[in-house]
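I opened my notebook to go through one protein step by step, from its overall plan down to a single residue. I wanted each entry to say what I looked up and what I found.

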Amino acid sequence: MATPDEPHEFERLPGLFRSWELNAVLSPGHEYRIEQVDAVQDGTVLLAIYRGISRDDQNQPLPPWWAFAW
């Protein structure tokens with residue numbers, strides 16, 4: 001059974017990410033689901049990241065895609 005703090009929906013973060021970019025994208029206090037989407041020619045895996053939406057976050061949009069650029 002889900003607790004009130006557990007997300008019941010997930011939003012996809014814009015873009016695809018490489019595994020070494022996860023530290024810059026993920027932040028504490030959120031639940032994430034990560035799926036392998038594809039691999040580039042050199043074998044690097046591309047990942048789609050979904051962030052859990054808690055009841056408190058449902059009215060707050062995701063940051064724009066460029067907020068994840070570093």
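These are my entries on the structure shown above.

**Before starting.** I noted that this is a predicted model, in which local features need pLDDT of at least 70 and side-chain atom pairs count only at pLDDT 80 or more, while totals for chains, interfaces and linings use all residues. I also noted that residues are numbered from 1 along each chain as its sequence is written, and that side-chain values use heavy atoms, with hydrogens and water left out.

**Overall plan.** I looked up the elements and found 1 helix and 3 strands, where helices (H or I, at least four residues) and strands (E, at least two) are DSSP runs numbered from the N terminus. Read from the N terminus on, their order is β-α-β-β.

**Strand pairing.** I then asked which strands pair, a term that requires DSSP to find at least two bridges between them. β1 and β3 run antiparallel and are joined by 4 bridges, and Glu11 has Arg51 in β3 as its bridge partner. β2 (residues 32-39) also pairs with β3 in the antiparallel sense, over 7 bridges, and here Gln36 has Leu47 as its bridge partner in β3. I noted too that β2 and β3 form a hairpin with 5 residues between them, and that Gly43 in the turn has a positive phi of about 95°.

**Burial.** Of the 70 residues in the protein, 26% are buried (under 20% relative accessible area, with exposed meaning over 50% and partly exposed in between, for a 1.4 Å probe and protein chains only). β3 is largely enclosed by the rest of the structure, because 7 of its 9 residues are buried.

**Core.** I looked up the largest nonpolar core and listed its 7 residues as Leu13, Phe17, Leu22, Val25, Tyr32, Leu47 and Ile49. α1 and β3 (45-53) each supply at least two residues of this core. Such a core is a set of buried Ala, Val, Leu, Ile, Met, Phe, Trp, Tyr and Cys residues joined through side-chain atoms within 4.5 Å.

Where does Ser19 lie? I found Ser19 in the loop between β1 (9-12) and α1 (22-25), and Ser19 counts as partly exposed because its relative accessibility is 49%. Leaving aside neighbours within four places in sequence, Ser19 is in contact with Val45 and Leu47, contact meaning heavy atoms within 4.5 Å. Ser19 and Val45 are 26 residues apart in sequence, and their C-alpha atoms are 7.3 Å apart in space.
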